[in-house]
Amino acid sequence: MTTLETPMNSTTTRPSMEATAADRKRAKRRHSIRRGSIYVLACIIALWILLPIWLIGTMAFSTPEDVRDYPKQFAPIPASTETMDFFLNTDGIQRAARNSIVVAIITLILSTLLAIPAGYAIARYLFPGRDAIRLGILSVRAFPIVVLAVPLAITFIKWDMYDKVYSLALMHTALTLPTTILVVASVFAGVPYELEEAARIFGCTPAKAFWKVVLPLAMPGIAAAAILTFVLSWNEVFAAILLTLTNRTLPAQILYTLDKSGDPFKFAGGFFMLIPSLIFIFFIRRYLFNMYGQLNK
Amino acid sequence: MAEIMVEKAVKRFGKFVAVDEVNLTVNDREFVVLLGPSGCGKTTLLRAIAGLGMLDEGRVMIGNRDVTYLSPKDRNISMVFQNYAIFPHMKVYDNIAFGLKMRKTAKEVVEERVQNAAKLLHIENMLDRYPGAMSGGQRQRVAVARAIAVESEVLLMDEPLSNLDALLRLEMRAELKSLLARLKATTIYVTHDQIEALSMGDRIAVMKQGQILQFDNPTRVYDIPANQFVGSFIGNPPMNFLRGQVQRENGAIKVNIGDFHLSPPAEMNEPLRAYESKSIFVGIRAENMETLASPAPDALAVTVEVVEPLGSQNLLTIRIGEDILKVSTHPDFKVHAHETVYIRFPPAKIRWMDRDTGQAIAPSLDKVLA
């Protein structure tokens, strides 16, 4: 408020009482309009994202008859797990879900373990070729995997790694690593270097300072990066289709059966795929802001 | 015994020379302040002693041990950082205990030392808190407690008070001084605040552009600055510098400010002779001049331009030729702007300085750089 008032008073050369009051009123109005429009915009964006989620969620918990019905009801009353049951008991879905979870967990572990030293080095050290390495990491993402499809498949078959859960996990690790490294690097960059120096003054080797001070402080961010990695792997479908045949992951399985199945199956599948992302968002909100009260600065 | 010795220390950042062949010896249990404007290399020097930045040349000795290439943890030092640098993920207790635990101190000793340090800094009732829930002043106390808990022989402090607000800084300054006097640590304290330096240090090393200009006790740094920079950096208002012409009159050296003659003390005759018929700086502090309301034979008549009543003194601004002179007078000395007053310059209080080099002219160098 004050920032709005100051320039205005200076423009009216000799402000009488009435003029200032009117000005203040106008400033207040302008301020509330601005605030209001931000809220309206935020609401539109939120609805844009939330409405489809709401639709999928409600449909997943309606009876298959209601799903096929038109117009759709706003909320599934009474809620029914019939559609979800149908989806989960479809042949191959549970196996695919299990595969997805295993692949995502292996990817999470490998990717995070590799990203921690890499991210730390990028965040802290000015080593020769740092920028090149940074760019190299990013360029993995820029390279379309479609181009690699045939050579990859051939190589995996040759090395007897085709259609294995662990080999897909390795592929996912390669795909998620750039994102994970960059997120982890920015997390490390946020930990003040002085804390590390203080740890070294008070008796730590550089490694111990990392373990005792930097890592605990970066943990919330690293956890967030790890869950993000999990979600990336969980959602990845191209490499999954490319490299597996019988050991399909969930998105690959759903995609495979999509054109053969009805609306209830699609909605239930969509909702099931959404769950990790939703957990990710809720988890991250609480974890990031509430770890140690107010984190450094 | 922890004497700190820095020999011919050089530290460069690219082409910039941050520390330029510095020699510094700090006696056991002495409190030395490194004072200088920002960018003068004082923090770089401190970090080199701490082991946080390797020197390019020279050595650092702590207690007759060459520590130049040792890592910080092997130097038996502790440090207070400018931004506190206390660990936000540890409670206050664990912060203070950190150094002791790293040194594998026995549990009972840790407990006792943490309690002692906390008591000394009046934070004994906050040991269970996280630093995030504390004010800047309290965090500073935690940082100091952590540094003294390890009871190392050397304590390094990098502008520890500069992040506090003015009132708190004043309070902490006195508290810190009395606290450090009780410790047996050799202390190096970095600051850009000349009042902090004067009030706390046993000796002050005034730095500029990577070099130590003067290393002496506070009184001498204040009263007999080794050069113009030290005189103008220390003191508020800074030391006055008037242009004076050196002349010989009947065999005696005189320094003329306009038509006014100053007679330097006898021991200055010899060194000033070299400046005959040249111009030098006459340096004098604002409180060292006598202001008279009526004319006197040895007083210079001047017109007051500005009078600033500051409570404990009245500060007069006077123009002499092209030079500005600040004179502080007793608050009871009634004078208004544009009135004439008479100023007496006690010769013993004058510092004579070379105009080109800024160095003090003195009978012998060791009198200045004791």
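Which residues of β7(B) are buried on one side, and which on the other? In this predicted model, B:V154, B:L156 and B:D158 lie on one side of the strand, and B:L155 and B:M157 lie on the other. Strand β7 of chain B spans residues 154-158. It is mostly covered, with five of its five residues buried.

Two parallel pairings involve β7(B). With β6(B), the parallel pairing runs over four bridges. Here B:L156 of β7(B) stands opposite B:M79. With strand β8 of chain B, residues 186-191, the parallel pairing runs over five bridges. In this case B:L155 stands opposite B:T187 of β8(B).

The contact between the chains was examined next. On chain B, 22 residues are in contact with 19 residues of chain A. By class, the side of chain B that touches chain A holds 14 nonpolar residues, six polar residues and two charged residues.

Helix α2(B) also packs within its own chain. Its partner is helix α4 of chain B, residues 136-149. The two axes are 7 Å apart and meet at an angle of about 30°. Angles under 35 degrees count as roughly parallel, so α2(B) is roughly parallel to α4(B). The crossing of the two helices is right-handed. From α2(B), the contact draws on B:V92, B:N95, B:I96, B:F98, B:G99 and B:L100. From α4(B), it draws on B:V142, B:A145, B:R146 and B:A149. Seven residues of this contact are nonpolar, two are polar and one is charged.

A further sheet of chain B is open and has five strands. Their order is β15-β19-β16-β17-β18, and the pairing is antiparallel. The edges are taken by β15 (290-292) and β18 (323-329) of chain B. Each edge strand has a single partner strand, so one side of each is left without a neighbour in the sheet. Neighbouring strands of this sheet are turned by 45° against each other on average, direction ignored. Within the sheet, β16 (residues 299-309) and β19 (residues 340-344) of chain B pair in the antiparallel sense over five bridges. In this pairing, B:V302 has B:V341 of β19(B) as its bridge partner.

Note on methods:
Residues numbered from 1 in each chain as written. Chains lettered and ligands numbered in written order. Predicted model: local features only at pLDDT ≥ 70, side-chain atom pairs only at ≥ 80, totals over all residues. Contact = placed C-beta atoms within 7 Å. Nonpolar A, V, L, I, M, F, W, Y, C, P; charged D, E, K, R; others polar. Axes fitted to C-alpha atoms, helices over the stretch in contact; angles between N-to-C directions. Parallel < 35°, antiparallel > 145°, perpendicular 65-115°, else oblique. Left-handed = near helix turned anticlockwise from the far one by under 90°. Buried ≥ 20, exposed ≤ 12 C-beta atoms within 10 Å, placed from the backbone. Pairing = 2+ DSSP bridges.
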